[in-house]
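Please find below a colleague's note on the model under review.

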Amino acid sequence: FLNANTIDNITEEVIISDRFKDKDGKILKFKIKAMTDKEFENARRASTKIGKRGKTEVDSMKLNYSILMNNVIEPNFNDSGSIKALGCITPEQYISKVLLAGEIQAIVKNVMELSGFSADMNEMIEEVKN
């Protein structure tokens, strides 16, 4: 059963906010992809800093930006044309200019859920029993 359920190319379209609408008023969806364990570890490491006395802490904003830049397919937060059009230099500046804090959190939450971080073990055990 594992071979029939690989994690390659797991994507989903999600509504983040009713603020994003097309010209006809239809709410637009973001296309996201699941993270592999290696992608999550790379994002976590890149967002971890060593503080005083060797204590490590994760910069949650940096982690969120990394997740957005690497796991949102549409819109593309790494598109240089869009970044330059708003006078930004980096994808992080662009994200902070186009998304509200709650929208960032909503996208990250959806990516994490798609990546299996919210799976309830009791539900999974019951599903296997049936």
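**Notes on helix packing and the sheet**

1. In this predicted model, the axes of helix H1 (residues 37-46) and helix H2 come within 8 Å and cross at roughly 145°. Axes are lines fitted to C-alpha atoms, for helices over the stretch in contact, with angles running from 0 to 180 degrees between N-to-C directions. The crossing of H1 and H2 is right-handed; a crossing has that hand if the near helix is turned clockwise from the far one by less than a right angle, and is left-handed if anticlockwise. Helices (H or I, at least four residues) and strands (E, at least two) are DSSP runs, numbered from the N terminus.

2. On the H1 side of this crossing, Glu-39, Ala-43, Arg-44 and Ala-46 meet Lys-62, Leu-63, Ser-66 and Asn-71 of H2, contact meaning heavy atoms within 4.5 Å. By class, the contact of H1 with H2 has three nonpolar, two polar and three charged residues. Here Ala, Val, Leu, Ile, Met, Phe, Trp, Tyr, Cys and Pro count as nonpolar, Asp, Glu, Lys and Arg as charged, and the others, Gly among them, as polar.

3. Residues are numbered from 1 along each chain as its sequence is written. Local features need pLDDT of at least 70 and side-chain atom pairs count only at pLDDT 80 or more, while totals for chains, interfaces and linings use all residues; side-chain values use heavy atoms, with hydrogens and water left out.

4. Helix H2 has twelve residues and reaches 16 Å from its first C-alpha to its last, close to the 16 Å expected at 1.5 Å a residue; the expected span is 1.5 Å times one less than the number of residues. Its buried residues are Leu-63, Asn-64, Tyr-65, Ser-66, Ile-67, Leu-68, Met-69 and Asn-71. Buried means under 20% relative accessible area, exposed over 50%, and partly exposed in between (1.4 Å probe, protein chains only). The buried residues of H2 pack against S2, H1, strand S4 (56-58), S5, helix H4 (91-98) and helix H5 (101-114).

5. Leaving aside residues up to four places away in sequence, Ser-66 touches Ala-43 and Asn-71.

6. Three strands form an open antiparallel sheet in the order S1-S2-S5, where two strands pair if DSSP finds at least two bridges between them. Strand S1 (11-14) and strand S5 (72-74) are at the edges with a single partner strand each, so one side of each lacks a neighbour in the sheet. From one strand to the next, the twist averages 35°.

7. Four bridges join S1 to S2, and Glu-12 has Ile-32 in S2 as its bridge partner. Two bridges join S2 (residues 30-33) to S5, where Lys-31 stands opposite Glu-74. Helix H2 (residues 60-71) lies across S2 and S5, at about 45° to S5.

8. For the protein chain as a whole, there are six helices and five strands, running β-β-α-β-β-α-β-α-α-α-α from the N terminus. The C-alpha trace spans about 55 × 55 × 25 Å along its principal axes. Of the 130 residues, 27% count as buried.
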